[in-house]
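Welcome, and thanks for joining this short tour. Open your viewer, keep the selection tool at hand, and follow along stop by stop.

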Amino acid sequence: MRRLLRILGIVSALLIGGHAFAGGLGELSAGDASSGLKEALIRGADVAVSQLGKTDGYMGDARVRIPLPDSLRPAEKMMRRLGMKKQADELIATMNRAAESAVVEAKPILLDAVRNMSFSDAKGILTGGDDAATQYFKRTTSAPIGERFLPIVKQATAKVQLSDQYNRYAGQAAKLGLLDDKDANLDSYVTQKALDGLFLMIAEQEKAIRKDPIGTGSKLLQSVFGALGK
């Protein structure tokens, strides 16, 4: 019951600009609640982009490393058996390096989503599950981030002239029903996987902040998310 009352107090302040929220961690105003939430979103997005946008951000992390589609794994194994290990490794490396180059373009779009957040969005994030903020980012930024990623991915794959080879093989596999249409184009496939990895990392940051707001070193985050946790 105490946790529910605290949540309702914060949400009410956000929605109607009401009086200060009094809790065990001190007085939390509507402005503080809003600022704390936005700080958490910005912090999570910034860390996620920074981790992924460096060398081996994707390639060196098994959680987000971009492999060939499952339906093309047999072809990859055959390439390796036929002495084409270098080509297979180059294709996978190119996909991941493209994602690492593209992901830095996500940051300004994510920050815009925070600035444009409505009261209704704030309520949903504060009262939602461990990934409520991540779902907000997915809903509001997937399309524009994907549009920003795609030309960067295309440029990277074109340099090694592997995109056309992949598309020819994958196109045939898609016609035979062996591959999803969305995976039949290398650049589209890499773009989607890069997005998946980005939102996975944002979700992990969000979960960590909700679980241990004190560990962030921010008194404001401690007040907002610490209050929710009680």
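Predicted model: local features only at pLDDT ≥ 70, side-chain atom pairs only at ≥ 80, totals over all residues.

## First stop: a charged pair

Select Arg 148 and Glu 105: these two form a salt bridge, and their closest N and O atoms are 3.2 Å apart. Arg 148 belongs to helix 7 (residues 132-159), while Glu 105 sits in the loop between helix 4 and helix 5, so the pair ties together parts that are 43 residues apart in sequence.

Where do the two residues lie? Asp 56 is in the loop between helix 2 and helix 3 (73-81), and Arg 97 is in helix 4, so their pairing ties together parts that are 41 residues apart in sequence. Asp 56 is partly exposed, with a relative accessible area of 35%. Arg 97 is partly exposed too, with a value of 33%.

Asp 61 is found in the loop between helix 2 and helix 3. Is Asp 61 buried or exposed? Its relative accessible area is 16%, which makes Asp 61 a buried residue, as the cut-off for that is under 20%. Setting aside neighbours within four places in sequence, Asp 61 is in contact with Asp 56 and Met 201.

Next, select Lys 107 and Asp 46, a salt bridge in which the closest N and O atoms are 2.6 Å apart. This pair links distant parts of the chain: Lys 107 is in helix 5 (residues 106-115) and Asp 46 is in helix 2 (residues 30-52), 61 residues apart. Lys 107 counts as partly exposed at 34% relative accessibility, and Asp 46 is partly exposed with a relative accessible area of 29%. How many salt bridges are there in the whole structure? A search finds 8.

Select helix 4 (residues 85-102) together with helix 9 (residues 186-211). Their axes come within 9 Å and cross at roughly 55°. Helix 4 and helix 9 are therefore oblique to each other, and their crossing is right-handed. Which residues make the contact? From helix 4, show Leu 91, Met 95, Ala 98 and Ala 99; from helix 9, show Leu 186, Tyr 189, Val 190 and Ala 194. Sorted by type, the residues of this contact are 8 nonpolar, no polar and no charged.

## Last stop: the whole protein

Clear your selection and colour the model by secondary structure. The protein has 10 helices and 2 strands. Along the sequence, these elements follow the pattern α-β-β-α-α-α-α-α-α-α-α-α. Of the 230 residues in the protein, 42% are buried. Among contacts with a separation of 6 or more, 74% come from residues 24 or more positions apart.

Notes: Residues numbered from 1 in each chain as written. Heavy atoms only, no water. Axes fitted to C-alpha atoms, helices over the stretch in contact; angles between N-to-C directions. Helix = DSSP H or I, 4+ residues; strand = E, 2+ residues; numbered from the N terminus. Parallel < 35°, antiparallel > 145°, perpendicular 65-115°, else oblique. Left-handed = near helix turned anticlockwise from the far one by under 90°. Contact = heavy atoms within 4.5 Å. Nonpolar A, V, L, I, M, F, W, Y, C, P; charged D, E, K, R; others polar. Salt bridge = Lys/Arg side-chain N within 4 Å of Asp/Glu carboxyl O. Buried < 20%, exposed > 50% of the residue type's maximum accessible area, 1.4 Å probe, protein only.
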